[in-house]
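Here are a few exercises to work through with the model open beside you. Try each one before reading its solution.

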Amino acid sequence: MKLTNYHTHHDRCKHAKGGVEAYVREAVLHHYDEIGMSCHTPHRNFKQLGTRRMSYDELSDYFNDIEQAQEKYPQIRVLKALECEYFPILFEDIKALSKQTDYLILAQHYIQIDGKFKDAFHFTEPRQLELYAAGIEEGMATGFFKILAHPDVFMTTYPKWDEACEKVTRQIARAALKYDVILEVNANGLRRGEQKYEDGVRYPYPSEKFWKIIATEFKEVKVMVNSDCHDPAYLNDEYMQMARDFAKRLKLNVITHL
Ligand SMILES: [Zn+2]
Ligand SMILES: [Zn+2]
């Protein structure tokens, strides 16, 4: 089977190691067929995202680096992409970015609640999950996104699996079918290591319970396994293999190419 990865970062986001070429070289080394560079999108008017991003002025350098890698490594297909949050205020920006890239990944790292932004790595209440799923549906409905990154990231600090979790899982799955968006099994959640929760020890994500619902009730939802690597050495590491095995064990409808 030909290997691919469509969720890849690089050092301009200020929390990853190595430039575009380092990731492409690693992919070539492991005989990958295709690699999509999909670093965090810059936002013009979104201070909450702080400094852990490239800036808007760096976008053209990022695209140039990808184009250079495409020329230098003809043995692999290198795609131009970005990982983006979606809020209605960003519609025009995202639309413009969708025209400059091969694909966009939707990653709802934030919700707006009580007039503030709250990140998806720290949810504890059902209301936050509801807003998270609603944001995803809104993003998917734009038609700008091909992949939804770590749909189950809402479980990172959520204390235990409950009815709200089941509800948002089904809501996300139905939206994925409706708008033909691929759901991602994300290896980076495994790299975070097992954690203790009220209902036992598990990885923050991928969530076994989330993906069991997908596997049993939404068999036709397209699923992709991605590394979400922030270091070239993580492109095809043991966690990536664990993520592939996880998807295989649950008999998810895995696609390997966009
Ligand atoms: Zn990142
Ligand atoms: Zn990412």
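**Exercise 1.** What is the strand order of the open sheet, and is the pairing parallel or antiparallel?

*Solution.* Before we start, a note on the source: this is a predicted model, in which local features need pLDDT of at least 70, side-chain atom pairs count only at pLDDT 80 or more, and totals for chains, interfaces and linings use all residues. Residues are numbered from 1 along each chain as its sequence is written, chains are lettered from A and ligands numbered from 1 in the order in which they are written, and side-chain values use heavy atoms, without hydrogens and water.

Step 1: take the strands as DSSP runs (E, at least two residues; helices are H or I, at least four), numbered from the N terminus. Two strands pair if DSSP finds at least two bridges between them.

Step 2: read off the order, S1-S2-S3-S4-S7-S8-S11, seven strands with parallel pairing.

Step 3: find the edges, S1 and S11, each of which pairs on one side only.

Step 4: look at one pair. S1 and S2 run parallel and are joined by four bridges; Asn 5 has Ile 35 in S2 as its bridge partner.

**Exercise 2.** Which residues coordinate the zinc ion (ligand 1)?

*Solution.* Step 1: collect the donors, meaning N, O and S atoms within 2.8 Å of the metal (3.2 Å for Na, K and Ca); water is not among the atoms, so sites may look incomplete.

Step 1: the search gives the NE2 atoms of His 15, His 40 and His 230, at 2.0 to 2.1 Å. Their spacing along the chain is H-x24-H-x189-H.

Step 2: His 15 sits in the loop between strand S1 (3-8) and helix H1 (20-29), and His 40 in strand S2 (residues 32-40), 25 residues apart.

Step 3: check accessibility, where buried means under 20% relative accessible area, exposed over 50% and partly exposed in between (1.4 Å probe, protein chains only). His 15 is partly exposed at 23%, whereas His 40 is buried at 7%.

**Exercise 3.** Why is the arrangement around the zinc ion (ligand 2) irregular?

*Solution.* Step 1: list the donors: His 7 (NE2), His 9 (NE2), Glu 83 (OE) and Asp 228 (OD), at 2.0 to 2.4 Å.

Step 1: the four donor atoms subtend angles of 78 to 164°, which makes the arrangement irregular. Four donors count as tetrahedral if all angles lie between 85 and 135 degrees; four count as square planar and six as octahedral if opposite donors are over 155 degrees apart and all others between 65 and 115; anything else is irregular.

Step 2: The zinc ion (ligand 2) and the zinc ion (ligand 1) are 4.6 Å apart.
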